[in-house]
Amino acid sequence: MQWIIEMVEEICAMTVARRFARIPPLRVLYAGVRALMDQFGLGLRWVGGLARLGCFAGECIRFGRMNRGSAFALRWRDIQPCLTDRTATTPVEPTYFLQDAWFARQIAEQRPASHVDVASSARSMALIAQFVPVAFVDIRPVEIELAGFTFLCGSVLALPFAAGSVSSLSSLCVIEHIGLGRYGDPFGANGSEQAAAELSRVLAPGGHLYVSVPIDVECRIYFNAHRAFTRDYLLKLFPGLILQEERYIYGRELVSSYIPERGFGTGLYHLCKP
């Protein structure tokens with residue numbers, strides 16, 4: 001039942017999207033409706049969910065019979081239905097999966113005495129903090145304590161560090177958001193440029209900077225999700241820094257070359273200050 005509904009929804013969505021793409025006002029309306037469906041649970045998927053919930057009830061009854069005599073109590077008041085985890089493959093978000101693996105390799109190779117991250121994934125930095133102390137800077141507090149992981153309240157537009165004082169610095173999938181208001185930051189048309197300048201300011205001579213951004217065939221804004229950059233424009237935001245390594249994620253593939261004809265992707269850059 002569920003897979004039929006999902007297939008019909010997907011076919012309808014593709015058909016509608018192609019038609020709406022030709023009419024800008026309708027395309028905007030469609031984007032709004034899809035946002036409500038994806039982010040607030042509106043739509044028809046709950047019908048398939050009801051069918052799956054019915055199957056779950058039957059499974060719970062059958063398992064209850066099997067569980068008689070077990071050391072573990074099975075009570076209806078304790079049930080926690082998990083209805084979407086039976087997937088054919090292990091779910092992986094490819095961009096962050098590949099990006100975090102790339103970044104972990106960089107840190108493992110450089111082995112800095114300490115590292116500063118600005119608003120990347122707190123979860124990823126908590127893992128790095130298990131072998132390199134990490135100071136994590138963000139406008140939103142991380143309300144959890146972990147050895148090796150220190151939170152500092154601050155903005156990428158005004159970092160709480162002196163000029164030239166940070167020898168190992170990262171800001172992964174961050175500067176493309178600055179100024180778009182998505183995470184509660186103030187609006188600003190030049191947010192990405194200002195963020196890049198501030199990262200460069202605090203980077204120490206001989207220091208390493210790791211950044212990643214969406215890349216595309218042209219510089220554009222996908223409001224209010226993020227901006228996308230061309231390779232040339234991104235590198236222009238860091239004058240005076242030397243490119244040490246670049247990698248690109250297209251779909252589920254990590255490659256070593258920028259391939260504009262492949263369209264939208266993610267660029268990963270390791271830069272150094274002379």
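**Group meeting: a look at some aromatic rings**

Okay, let's start with Tyr258, which is partly exposed at 22% relative accessibility; that label covers anything between buried, under 20% relative accessible area, and exposed, over 50%, with a 1.4 Å probe and protein chains only.

Quick housekeeping: this is a predicted model, where local features need pLDDT of at least 70, side-chain atom pairs count only at pLDDT 80 or more, and totals for chains, interfaces and linings use all residues. Residues are numbered from 1 along each chain as its sequence is written, and side-chain values use heavy atoms, with hydrogens and water left out.

Now the rings. Phe, Tyr and Trp (its six-membered ring) pair if their centres lie within 6.5 Å; planes under 30 degrees apart are stacked, over 60 edge-to-face, the rest tilted. That gives 7 aromatic pairs. One of them is Trp102 with Tyr210, edge-to-face, at 6.3 Å centre to centre and 80° between the planes. Trp102 sits in helix α4 (residues 94–110) and Tyr210 in strand β5 (residues 203–215), 108 residues apart; helices (H or I, at least four residues) and strands (E, at least two) are DSSP runs, numbered from the N terminus. Trp102 is buried at 2%, and Tyr210 is buried at 0%.

Back to Tyr258: this residue makes a tilted pair with Tyr248, 5.4 Å centre to centre and 40° between the planes. Tyr248 belongs to strand β8 (residues 242–250), while Tyr258 is in the loop between β9 (253–255) and β10 (265–272). Tyr248 is buried, at 0% relative accessibility.

And one last thing: ring pairs join Trp102, Phe103 and Tyr210 into a cluster.
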